[in-house]
Amino acid sequence: MSKIPSPTDVKKRVQDNVIWRSVFRPGSIYRKGYRDTSRDRALAAMNNVLYHLHPVKVKRHGLKLTYTYCLGGTSFFLFILLTVTGIFLMFFYRPTAGAGSEFAFQDMQNLDQTIQFGALVRNMHRWAAHLMVLTTFLHMARVFYHGAYKPPREFNWVVGVILLLLTLLLAFTGYLLPWDQLALWAVAVGTSMMGYTPVFGQQVQFVLLGGVEIGPETLLRWYVLHVLLLPFVLTIFLAVHFWRIRKDGGISGPL
Amino acid sequence: MAEEVEVDQEVYDELIAAGKSERIARAKAKAAAMRKKKAAAGEQMGPREASAPQAPAPKAKAAAGADAAEGGAVATKSRSGDGNGAGNGALTPQERQARVAAALQQKGGGGGPQPGRSTKLGGQDHTHRLLAMVPPTGIQQIRGKQDDKVYTWPHLITAEFVCLMAVTAVTTVFSALVNAPLGDLANANLTPDPSKAPWYFMGLQEMLRYLHPMVAGVTLPTVFLVGLMAFPFMDKNPSVRPENRKTAYTIFTFFLVFWAVLTMAGSFFRGPGFNWVWPWVDGLWFTL
Ligand code: HEM
């Protein structure tokens with residue numbers, strides 16, 4: 001205890017620590033001796049979990065804001081944001097409706113009025129959901145106008161359409177959960193059309209609603225779809241989408 | 001820890017004194033120690049500096065293959081006028097032919113691999129002979145130009161981080177200012193007028209005004225979706241330039257505008273009874 005170590009000393013000691021070195025692989029920017037050289041930049045990408053997503057180098061033009069408008073990325077970030085805020089909401093929400101047990105609606109009121117940050121997080125979840133539908137649409141349009149669906153990227157476009165569909169279904173199933181008039185009747189309008197599916201219209205509607213009309217069973221069913229099944233499926237397709245971007249030779253273009 | 005590698009302390013201290021980083025100094029000192037050890041063991045080492053573009057193959061090899069090197073290497077040597085390594089060094093087909101002919105002549109008409117001649121590089125001249133068979137365009141072709149690339153770290157990661165922060169900030173600020181709607185408790189016996197689907201399905205609901213529910217609600221969405229997925233397989237035009245894609249642009253833009261108009265009509269211009277209203281006169285029936 002003779003002398004107080006300087007910040008540089010502390011940094012050095014921390015970085016020399018066995019645990020630190022086990023966490024950050026050689027080349028990590030947090031490791032001792034990282035320098036801003038080509039070699040270390042390449043290592044930083046290669047020895048990072050992000051290497052599952054990104055190659056070491058990317059085309060320069062793909063970085064220009066006016067190429068992707070970061071729309072795919074924004075859709076993805078919104079999905080992350082929705083997952084985080086959604087987990088928060090799950091702590092306070094019970095998918096239960098029906099006389100004497102209108103918990104879903106009560107929980108929404110509580111979130112809005114009494115729970116710390118409840119209103120803010122609920123708002124974020126709602127607005128981010130709308131925004132994600134919008135950015136996904138726009139992302140599709142930008143991909144189209146760049147001809148980025150052309151070989152070898154045809155299949156990734158198909159994966160993209162599935163992602164769009166899943167995004168819409170996620171937004172729609174979530175719309176029912178507050179169990180207010182808005183939710184009930186928006187969903188009623190949307191699902192009434194499904195009854196017109198040729199041949200098994202009635203069956204399709206029955207399976208989706210958990211009954212002949214929207215009720216507490218529908219709420220539980222859509223809740224499970226919304227918080228579990230659809231995000232799970234979307235994540236799988238996202239993985240395929242991102243993987244294909246790399247395998248198809250990175251971002252398309254330049255035009 | 002891995003076993004310690006010897007380090008030439010003298011070299012290390014020298015480099016550190018010269019202000020080199022610890023890593024560089026250690027690496028060079030290790031190399032120096034290794035070199036010393038090999039030299040002491042009488043091992044020959046390839047001269048590293050000599051492998052610069054100008055120099056021929058390492059000496060040891062060159063000596064062994066002296067006879068082969070004379071004739072054999074001619075056909076692949078880079079163009080003299082080019083300067084070494086300048087340009088892509090490719091030969092025109094005529095030039096290549098001329099060189100192959102000259103090389104073969106020098107070797108006395110060529111012929112198969114001659115047994116008993118060079119030993120170590122026995123196959124070498126043969127290889128060069130084979131090169132004459134290669135199509136005049138060459139073995140390795142670089143298709144298109146080299147991509148102009150940058151490092152993912154820091155360039156792409158920084159951009160993504162900024163985007164992530166912006167998305168989070170915009171959503172947070174907007175959410176602090178504008179509350180999400182929450183209506184009255186759901187009541188199956190009390191139909192609001194109008195009842196509207198979420199905006200992303202408003203296009204469908206608007207079509208419902210004009211078409212049979214099966215067509216508007218099932219057939220057309222299915223056709224759209226399948227058509228969307230099939231688009232890349234139907235568009236056989238390889239070009240990605242807007243000026244070559246007028247038809248594709250027209251079709252897609254048509255559907256996009258069509259869809260946007262339907263969505264906006266349903267969202268903003270439909271009131272009680274789902275009848276047409278002017279939002280600036282009659283008010284707005286639209287909730288997100
Ligand atoms: C959940 C929705 C989606 C997410 C999170 C997502 C994410 C991404 C990301 C991050 C990229 C990298 C380039 C960029 O940002 O533009 C990308 C590229 C691509 N996306 Fe998506 N996407 C989604 C939906 C879609 C949809 C709806 C389509 C088309 C119908 C689509 C088709 C493509 C194609 C073809 C590429 C390659 C583009 C290129 O190479 O320029 N994606 N996607």
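A:Leu184 has a relative accessibility of 6% and therefore counts as buried, where buried means under 20% relative accessible area, exposed over 50% and partly exposed in between, computed with a 1.4 Å probe on the protein chains only. The model is a predicted one, in which local features need pLDDT of at least 70 and side-chain atom pairs count only at pLDDT 80 or more, while totals for chains, interfaces and linings use all residues. Residues are numbered from 1 along each chain as its sequence is written, chains are lettered from A and ligands numbered from 1 in the order in which they are written, and side-chain values use heavy atoms, with hydrogens and water left out.

A:Leu184 belongs to helix H9 of chain A, residues 181-192; helices (H or I, at least four residues) and strands (E, at least two) are DSSP runs, numbered from the N terminus. Once its neighbours within four places in sequence are set aside, A:Leu184 is in contact with A:Leu176, A:Trp179 and A:Ile214, and also with B:Ala186, B:Asn187 and B:Ala188 of chain B, contact being defined as heavy atoms within 4.5 Å. The C-alpha atom of A:Leu184 is separated by 8.9 Å from that of A:Gly215, a residue 31 positions away along the chain.

From here the reader can turn to the metal site. The iron atom of the ligand has as its protein donors A:His139 and A:His241, each through NE2, lying 2.1 Å from the metal; donors are N, O and S atoms within 2.8 Å of the metal (3.2 Å for Na, K and Ca), and since water is not among the atoms, sites may look incomplete. These two histidines link distant parts of the chain, for A:His139 sits in helix H7 (residues 118-145) of chain A and A:His241 in helix H11 (residues 216-247) of chain A, 102 residues apart. The six donor atoms around the iron subtend angles of 85 to 179°, which makes the arrangement octahedral; six donors count as octahedral if opposite donors are over 155 degrees apart and all others between 65 and 115. Ideal angles for six octahedral donors are 90 or 180 degrees. A:His241 counts as buried because its relative accessibility is 11%.

Helix H7 of chain A, which carries A:His139, has 28 residues, and its end C-alpha atoms are 40 Å apart, which agrees with the 40 Å that it should span at 1.5 Å a residue; the expected span is 1.5 Å times one less than the number of residues. Of the 28 residues of H7(A), 21 are buried, so the helix is largely enclosed by the rest of the structure. A:Gly147, with a positive phi near 60°, follows H7(A).

Some backbone angles in chain A deserve attention. Most residues other than glycine have a negative phi, and most peptide bonds are trans. A:Phe117, however, has a positive phi of about 65° although it is not a glycine; A:Phe117 is placed in the loop between helix H6 (103-113) and H7 of chain A, and its relative accessibility of 55% is why it counts as exposed. A:Val199 likewise has a positive phi, near 65°, and lies in the loop between H9 and helix H10 (201-209) of chain A, where its 81% relative accessibility makes A:Val199 exposed. The peptide bond from A:Pro151 to A:Pro152 is cis, with omega near 5°, and A:Pro152 is found in the loop between H7 and helix H8 (154-176) of chain A.

Chain B has 11 helices and one strand, and of its 288 residues 25% count as buried. Among the contacts in chain B with a separation of 6 or more, 48% come from residues 24 or more positions apart. Helix H2(B), residues 22-40, has 19 residues and reaches 27 Å from its first C-alpha to its last, close to the 27 Å expected. In H2(B), B:Ala25, B:Ala29, B:Ala32 and B:Ala33 are buried. They cover an arc of only 100° around the axis, which puts them on the same side of H2(B), the arc being that of the directions from the helix axis to the C-beta atoms. The covering of the buried residues of H2(B) includes helix H1 (9-17) of chain B. A cis peptide bond, with omega about 5°, joins B:Trp153 and B:Pro154, and B:Pro154 lies in helix H7 (residues 152-177) of chain B.

Terms used: Four donors count as tetrahedral if all angles lie between 85 and 135 degrees; four count as square planar and six as octahedral if opposite donors are over 155 degrees apart and all others between 65 and 115; anything else is irregular.
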